[in-house]
Amino acid sequence: MNIFEYYKNLFLQSIDCTNVDIKTRSKISVEIPKQKIFGDISFNAPLILGSTLRKSPLILAEEFKNSIIKNCDDFEKIEIAKPGFINFTFKKKIILNFLSKISGNFGLPNNFIKKNINIEFVSANPTGPLHIGHCRGAIYGDVLCNFLKFCGHDVTKEYYINDYGNQITLFLKSIYFRIIEILKKEKFPQEKGLYPGEYIIDIANELLKKSNTNKFDNFKDAEPILASNAISIAMSIIKNDLKSMGIKHDVFISESNIVKKDILSKAINELKNKGDIYTGILPKPKSNTEDWEPRKQMLFKSTNYGDDTDRALKKSDNSWTYFANDIAYHYEKLNRNYDYYINILGADHSGYTKRLSSAVIALNNKKKFEIKICQIVKLYKDGKPYRMSKRAGDFILAKDLIDTVGKDAARFMMVYRSSQSPLDFDFDLVSDKSKDNPIFYVQYACARLNSLFKKSEFQIDKEIENVELKYLENKQELNLLKKILEWPKIVNLCLSNLEVHYIPYYLYELSSEFHSFWNAGKENDNLKIIDHTNKDISKSRLFLLQKLYIVLKLGLNILDVKVPKKM
């Protein structure tokens, strides 16, 4: 039961807006007022429809209020507020009735249409372990997949292995030079672009266990052996890093296989047939113009599809650009007949979204495609920027973060802010055992609930029967109930924005309401959850807490964070 959708539909049936277009109607909503003094829910229709119906929003609000009163008797107070809201306060018995309707599928969206969704995330180059930037995108992607599965969609988690191109050559060279360092004691060269991290030594030693040392006399002869083994070792490292975060992909697609199958030629031919490929000269860029010179190139007309400029498909040496191979990959992916495609990219790809989106639209404008950018993560300890590892060269290993704070804390806090906003990850905060630490406070609520039910005659997962809800009448109980009933609104927010930070933030607020209720019972015997003098009051309060526990579990399961029974 989504009370916000329920009352929106009820209110719309009560007012006359038959002549209002769908786009305008979609802006009408029932929300929670920003301040509790304004009631339990707020209806914005007068404000939205004022200009359309050519009436003052306040006059409309009075008319709508009178119409709603005729059709609904659920409120003890209805007030009009500037600039054009109608605020409602529930009768206690009405809001209590919603409590019994909360079950294990509470919050699932109405009018659900199941979709087959492909989400590509992480897709880090197989040139070493995952770093802290990958960690945030990986966890956000995985939680988004879990959320969409919770809503009922079929979701495929995909990893695109960028195992082709210059970066891979530099990676293989780095391993080769580490092998030479091990075998011949020759110092690792300070060559630009090589990977200096100590993990390259680990990969080199692993390769030496599998290969004849005579094969490494020169890089050209060693390259095939390195290529056939190093990528596999690097991907094993990456998969282990992902496993430590609780992440397992369903599909791994190799760029080198896309190249071998010559899928790019098919994609280019299709774009040529549409008139989207031409030979031309790109305009002079606004920056980095020292080495620029005008030259004819094969170009993609990405400006036809919303991009700022057309894009080159071939380099000066006539080899394909990175973007061209990305076109091939998406051409192959679009032919796998998903209903919806989502790519999750790192902050360094912000300037890449328009060209990639334009290519997908050109290849198939009937498929829904979206790119989500995950912004950077900064680590802090003792109020200062914190570096954790030197083994990676110039970046911080995701594995070190997980080893330090644990999977649960990493998963919870990495999605505690919108993916579009930079994230400050504070080590002092996530290790703190107080209400200031969101993950601790939420898990502590679960542990407290389990402890409470152990002291009662009821089981936390078995619904209490024959409950007299009328006993739930104090402020703490009703505030907690109202917060529980917000869960469907949180689900809708996540679904409409493809953002999951609403979930951990809501769980923290929900847990705070519970802890306030618990503490009130410590200070006032009349508010004790288990009242030994009145079994009916205890039953009603424990029934309320069973519903709370359902929502906490739903949220934590989506986050793939443990629901502890004790702490």
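Q: Where does Lys 185 lie?
A: Lys 185 sits in the loop that links H7 and H8. Helices (H or I, at least four residues) and strands (E, at least two) are DSSP runs, numbered from the N terminus. The model is predicted: local features need pLDDT of at least 70, side-chain atom pairs count only at pLDDT 80 or more, and totals for chains, interfaces and linings use all residues. Residues are numbered from 1 along each chain as its sequence is written, and side-chain values use heavy atoms, with hydrogens and water left out.

Q: What is phi of Lys 185 near?
A: Most residues other than glycine have a negative phi, and most peptide bonds are trans. Phi of Lys 185 is near 60°, a positive value in a residue other than glycine.

Q: Does Lys 185 count as buried or exposed?
A: Lys 185 counts as exposed, at 70% relative accessibility. Buried means under 20% relative accessible area, exposed over 50%, partly exposed in between (1.4 Å probe, protein chains only).

Q: What is phi of Val 122 near?
A: Phi of Val 122 is near 75°, also positive in a residue other than glycine. Val 122 belongs to the loop between strand S5 (116-120) and helix H6 (132-151). At 14% relative accessibility, Val 122 counts as buried.

Q: Is the peptide bond from Lys 82 to Pro 83 cis or trans?
A: The bond from Lys 82 to Pro 83 is cis, with omega near 0°. Pro 83 lies in the loop between strand S3 (75-81) and strand S4 (85-90).

Q: Which residues are buried in H8?
A: An α-helix has 3.6 residues a turn, so residues three or four places apart point the same way. In H8, the buried residues are Tyr 199, Ile 200, Ile 203, Ala 204, Leu 207 and Leu 208. They pack against helix H7 (166-184) and helix H9 (219-244).

Q: At what angle do the axes of H17 and H20 cross?
A: Two packed helices are described by the angle between their axes and the distance between the axes. The axes of helix H17 (residues 438-454) and helix H20 (residues 502-523) cross at roughly 45° and come within 9 Å. That makes H17 oblique to H20 (under 35 degrees is roughly parallel, over 145 roughly antiparallel, 65 to 115 roughly perpendicular, the rest oblique). Axes are lines fitted to C-alpha atoms, for helices over the stretch in contact, with angles from 0 to 180 degrees between N-to-C directions.

Q: Which residues make the contact of H17 and H20?
A: Contact means heavy atoms within 4.5 Å. H17 gives Pro 438, Tyr 441, Val 442, Tyr 444, Ala 445, Arg 448, Leu 449 and Leu 452. H20 gives Leu 507, Tyr 508, Ser 511, Ser 512, Phe 514, His 515, Trp 518 and Asn 519.
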